[in-house]
Amino acid sequence: MDLFLTLLALGPSLLWLYWIWRRDKYQREPRGVVLLLLLVGGLISVIGTLIVVGIYEPLVPSEEASPILNQLLTAALPEEFFKMLPVLLFAWRSRYWDEPFDGIVYAGATALGFNLIETAGYMLEEGDFFGSLFQGLVRGTLGGHMVYGIIMGFFLSRARFSAGTARLQNLLLAVLVPATLHTAWNAALTYGGDILEGNALAGMLSWGLATSLWLLAFSYMRLSRDASHWNPIHRTLQVAPTLCWHCHSPYPTSATYCQRCGAQVRSAAQ
């Protein structure tokens, strides 16, 4: 049984990471960098979150007083910030980060490292087989942290290939958007019954939100993959000098990718 629970704690995160890595269709990232972010990045994100939250948690409103604010400040915001930090430390200047999808791989790896450690911790805390089994199945396989990592990686790549104000804006979005969605998911899952006064409605809200997050993540993955300069379509694509070919929005002259939709605005031919 111990072997089964160990595999349940580790397996889903590793399989999800392999799935993301395989979605990088054109130029896959080095396994060493990805594993570094999974293991070291996951450890940094967990330790950083525990230390910082432990310091300021007494100042945060309690769950009874303000459940959503408590979830934001003690879970979502610090977790997403410390999941982004290892990507900036270990991958930001990497010469292998040369297309939009790479940010999704790197942020996804750190998020899954966090997910792996968190899942194992909750399973150990249960102390019995069925409780550990439930935690492993719910936390390990649903991929919530991975979805937030994918969304974070999308904005990190936009920041990576831009400059000035656009870079700062996308770095902020890389934390704030996942943190907001993280808070919404926690609130729907944990407090939906109290807010809506009905478990069935709370369940519908939770699953509806989870489905929406997955669809958003899939759309970011597809857009990032299609925008790659390794994509054969960009060898012949005529890119407008001032407007994005995909959404027709203006973009900064220093940008490589559109700041609104993430599409590449400078082709390999140029």
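Phe155 is buried in this predicted model, and Tyr220 is likewise buried. The two residues form an aromatic pair of the edge-to-face kind, with 5.9 Å from centre to centre and 85° between the planes. Phe155 belongs to helix α6 (residues 144-160) and Tyr220 to helix α8 (residues 199-226), so that the pair links distant parts of the chain, 65 residues apart.

**Other aromatic contacts**

- A search of the whole structure finds 11 aromatic pairs, and one of them joins Trp97 and Tyr106, whose ring centres are 5.4 Å apart.
- The planes of Trp97 and Tyr106 stand at 65°, and because an angle over 60 degrees counts as edge-to-face, this pair is classed as edge-to-face.
- Trp97 has a relative accessible area of 2% and is therefore buried, while Tyr106, at 0% relative accessibility, also counts as buried.
- Trp16, Trp19, Trp214 and Phe218 come together in one aromatic cluster.

**Charges over rings**

- The charged end of Arg28 sits over the ring of Trp21, at 5.4 Å from the centre of that ring.
- The charged end of Lys83 sits over the ring of Phe114, at 5.3 Å from the ring centre.

**Helix α4**

- Helix α4 (residues 100-126) has 27 residues and reaches 40 Å from its first C-alpha to its last, which is close to the 39 Å expected at 1.5 Å a residue.
- Helix α4 is mostly covered, since 20 of its 27 residues are buried.
- Gly127 follows helix α4 and has a positive phi, near 85°.

How values were computed:
Residues numbered from 1 in each chain as written. Predicted model: local features only at pLDDT ≥ 70, side-chain atom pairs only at ≥ 80, totals over all residues. Heavy atoms only, no water. Helix = DSSP H or I, 4+ residues; strand = E, 2+ residues; numbered from the N terminus. Expected span 1.5 Å × (residues − 1). Buried < 20%, exposed > 50% of the residue type's maximum accessible area, 1.4 Å probe, protein only. Phe/Tyr/Trp six-rings, centres within 6.5 Å; stacked < 30°, edge-to-face > 60°. Lys NZ or Arg CZ within 6 Å of the ring centre and 35° of its normal.
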